[in-house]
Amino acid sequence: MNKMYKTTLALLVAATVWTPPGSEAYASPATASPTDSTAAGTIRGGLPQPANNDAAEQSSVAPTTDTTRLTDGNERSHSQTENPADSRQESVAAPPISSSNSVASEPAAPTSVSPDDQDDTVGNAPDASSPGSLTAPGDRAGESTVEQRQPEADNSDADPRAIAADPSAGKLILVMNSDQTQMNGKTYVSPRPTTVRQGVSYVGLRFMTERLGGTISHDAASGETVVRVRGAELRYRNGSAEYVVNGEKRSLRGAVYDDRYHMMVPFTSIATALKLRYTVQGKSIVVELADKPVARFDVSARRIETGQTIEYTTSGYSPQGLAIVDERWEGWQTSYDTPGTYTISYTVQDAAGVWSDPYTITIEVEAPHVPPVAEFRTDKTTYRMGEPIRYIDESTTGSDVIVDRQWDNGKPAFFEPGMQTVTLTLKDKRGATSQFSTVVLITEESLYTEEEFGLRYAPPGTNMPIDSVPVLQLDTLPYSYTTEPETLFRSSGPESVFADGVLYEDVIQGDARFLLHHKNRMDRRTKLYLIAENTGTQTAELRLTGEGLAGPTVHAEIAGRMSLSRYLAAEAAGGGPTIRLAPGERVLLFDSLTQAKSLAPGDIVTFTGSVKTKGQIRYASLMVGERVDPLEALDSLPRLDPRESIVRGTFADANRVFRYDEPLGGRPQRLSLTDNTADPFQSGTDGIHGGSAVNSGNYGVMYKLQLNNVAPNTVIAFNPRGGLYVGAVRVNGEVVGFSHLGMASATREASVLYRTGDRAEAVELWISPSAGSNLPFALLFLPVPEARE
């Protein structure tokens with residue numbers, strides 16, 4: 001036995017080492033010895049008592065010399081029932097570790113590395129990894145054999161303070177291309193060696209988790225392997241180059257992979273997440289473990305009422321495996337009599353006499369909850385048919401705000417005689433509910449018909465019947481229009497997208513408006529983007545004048561309305577920022593689109609936006625997998641052909657301005673739009689194929705109607721002539737949403753858009769056909785019936 005080996009063994013025989021909770025199954029049966037390792041217990045009206053988890057392992061290790069380069073990365077795993085025969089993790093006495101190709105040499109100068117360093121270390125090491133095979137889910141612990149085993153001394157009575165005196169205490173030492181790891185002077189055998197793969201240093205996730213005293217599980221819903229260790233939660237996914245730390249997604253420099261059922265993750269992903277400092281000493285990575293104990297506790301509730309009992313659960317521990325021998329509390333109480341904010345602090349001391357940093361929790365104590373009380377009354381108890389009913393809400397809110405207020409049968413008027421029960425239900429933030437009902441009597445006398453009532457009282461955005469209005473026989477307004485030089489970029493073909501690719505692209509000079517409407521028909525999540533590239537020779541400025549995104553959703557008509565409604569509101573508010581594009585520069589346009597959630601298979605998204613510019617800009621819409629960089633992928637993507645009759649194209653003069661100065665509304669009149677007769681469809685070009693295109697339905701065209709002399713007491717209403725329609729309009733700067741969901745009945749009803757008062761008014765309307773809705777439509781101008789007593 002050489003001198004180095006004798007010295008190392010002698011040091012380690014005198015040490016007692018802690019194994020993290022949950023790892024006892026991996027200790028060598030011949031070497032286990034009891035050691036207090038955690039403080040865990042539950043308080044119910046009193047202080048916690050420590051609970052012991054006993055395990056110990058001993059061995060020796062001497063790091064070999066060489067250099068390697070560490071880079072960041074991440075991992076994920078699957079759960080699997082483990083074979084007990086394959087789940088041993090040996091801790092044995094052994095000669096100094098060396099990889100198969102190592103030779104004795106002088107130790108390399110250690111390189112100190114911070115968890116936040118981007119270029120982790122310097123040097124070169126052989127890439128000894130292999131991808132393995134993913135033939136079954138899980139992460140099997142153990143699976144190791146050791147050629148040489150020697151008996152070990154029993155140090156169960158060793159002073160825990162001896163660990164702190166050991167030069168390797170408080171350290172975790174990994175050796176490149178070796179399956180042996182040293183921690184606190186003991187050797188552990190990993191199921192898979194620490195491996196360099198494509199310049200990234202990988203470790204087994206389960207092995208590292210257990211060495212650091214954490215737990216590992218599989219989240220079946222998300223498909224992620226979840227590690228909880230040292231107060232942090234790490235989530236890995238097999239094959240992914242990203243992982244999640246405490247809810248925050250982070251990038252990795254190497255993708256996670258499985259090596260014969262064992263999940264391998266970049267070492268630096270763990271070090272960075274846990275803020276562990278480490279140095280590279282030859283072929284060894286020496287991780288500095290925290291020397292202080294860690295105090296942790298939780299309470300049964302962090303928002304309570306006065307007098308409510310609190311239960312405490314403590315989980316302090318020592319990273320060194322020392323027993324927790326003392327504790328201190330500040331602000332500890334089992335209940336509170338006065339509302340307010342209270343802070344509770346907990347500190348623990350280990351067997352070496354070291355105190356932890358305090359761990360604190362804040363509790364909000366409130367007065368006992370008072371639920372809401374629903375109550376209302378009507379201005380009368382008896383009404384005629386068609387007579388307006390006024391509801392006076394006299395509810396009280398209690399302790400919390402009301403989050404839901406539901407009226408059942410709370411109609412503004414009834415049109416059939418009899419008794420009518422009206423109910424109000426309230427729900428507050430805590431879920432407490434209250435309900436109140438009253439009954440009103442409707443006589444057989446009539447004040448207004450349902451149509452007359454709608455004309456007089458229906459608020460904007462609501463529907464009214466128009467069975468007695470012969471829409472197609474109404475006088476039509478003489479329709480003529482001028483245009484404004486804004487070009488429409490319409491990307492809706494292919495509407496259903498089956499593969500990554502460019503959906504539409506073209507070069508546009510000057511102001512542009514965009515209408516994108518697509519459905520993800522791939523078997524994976526995707527994203528929709530819009531790219532702008534300056535094709536001119538001068539720097540171009542693009543001012544974003546409005547944007548409206550809707551989706552992802554499975555309801556095309558809802559997406560169409562919400563996108564248009566949000567765009568109209570944003571445009572009225574003044575739009576967004578200005579972007580400067582150098583010649584040849586590309587950018588992703590519109591934050592709402594770029595930052596949108598990815599589309600699941602079957603999802604639909606609709607986007608409306610506009611820019612003002614004098615430049616010559618190439619625009620491209622594309623749908624790609626959610627992890628694809630659209631700017632890098634643009635040139636290599638295929639240009640997709642429309643697979644359906646849905647239109648795409650570039651259409652000039654996309655704003656149609658209608659000005660009408662004559663009196664309007666003294667008699668029933670109509671203005672028909674998008675019918676391809678009085679209002680013809682746009683002609684344009686297909687920027688990909690170069691052929692002609694027709695904007696069927698004029699989707700994306702903005703109609704700006706300036707009605708300068710609308711008569712007093714006139715209703716302006718929307719009548720869908722094609723059936724199903726869900727849309728929005730901006731009237732005098734206010735956005736009004738409306739919907740018609742019945743196919744057959746929709747043409748016999750109208751949505752109130754605006755009602756003039758007792759004087760003639762000028763009314764401005766902006767309206768555009770909603771994606772996902774049917775056309776054509778008509779605007780109706782109907783007199784309001786006179787008031788009756």
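This briefing walks through some backbone details and strand pairings. The model is predicted. Two peptide bonds here are cis, one joining G551 and P552 and one joining L775 and P776. There is also a four-stranded open sheet, plus a hairpin made by strand 27 and strand 28.

**Cis peptide bonds**

- Start with G551 and P552: the bond that joins them is cis, and its omega is about 5°. If you're looking for P552, go to strand 37, which covers residues 540-553.
- L775 and P776 are also linked by a cis peptide bond, with omega at about 5°. P776 sits in a loop, with strand 52 (761-767) and strand 53 (777-783) on either side of that loop.

- N676 isn't a glycine, yet its phi is positive, near 60°. You'll find N676 in the loop between strand 44 (669-673) and strand 45 (682-685). Its relative accessibility is 40%, so N676 counts as partly exposed.
- N713 is another non-glycine residue with a positive phi, this time about 50°. Look for N713 in the loop that links strand 47 (702-710) with strand 48 (714-720). With a relative accessible area of 35%, N713 is partly exposed.

- Strand 6 (195-197) and strand 13 (257-259) are the edge strands, each pairing on one side only. On average, and ignoring direction, neighbouring strands of the sheet are turned by 45° against each other.

**Strand 28 and its partners**

- Strand 28 (residues 433-446) pairs with strand 24 (residues 382-385) in the parallel sense, over three bridges. Here M385 has S446 of strand 28 as its bridge partner.
- Strand 28 also pairs with strand 27 (residues 418-428): these two run antiparallel and are joined by ten bridges. Across that pairing, M419 stands opposite L441 of strand 28.
- Strand 27 and strand 28 form a hairpin with four residues between the strands, and in this hairpin G431 takes a positive phi near 95°.
- A handy thing to keep in mind while looking at strands: when a strand is regular, its side chains alternate between the two faces of the sheet.

Methods
Residues are numbered from 1 along each chain as its sequence is written. This is a predicted model: local features need pLDDT of at least 70, side-chain atom pairs count only at pLDDT 80 or more; totals for chains, interfaces and linings use all residues. Side-chain values use heavy atoms; hydrogens and water are left out. Buried means under 20% relative accessible area, exposed over 50%, partly exposed in between (1.4 Å probe, protein chains only). Two strands pair if DSSP finds at least two bridges between them. Axes are lines fitted to C-alpha atoms, for helices over the stretch in contact, and angles run from 0 to 180 degrees between N-to-C directions.
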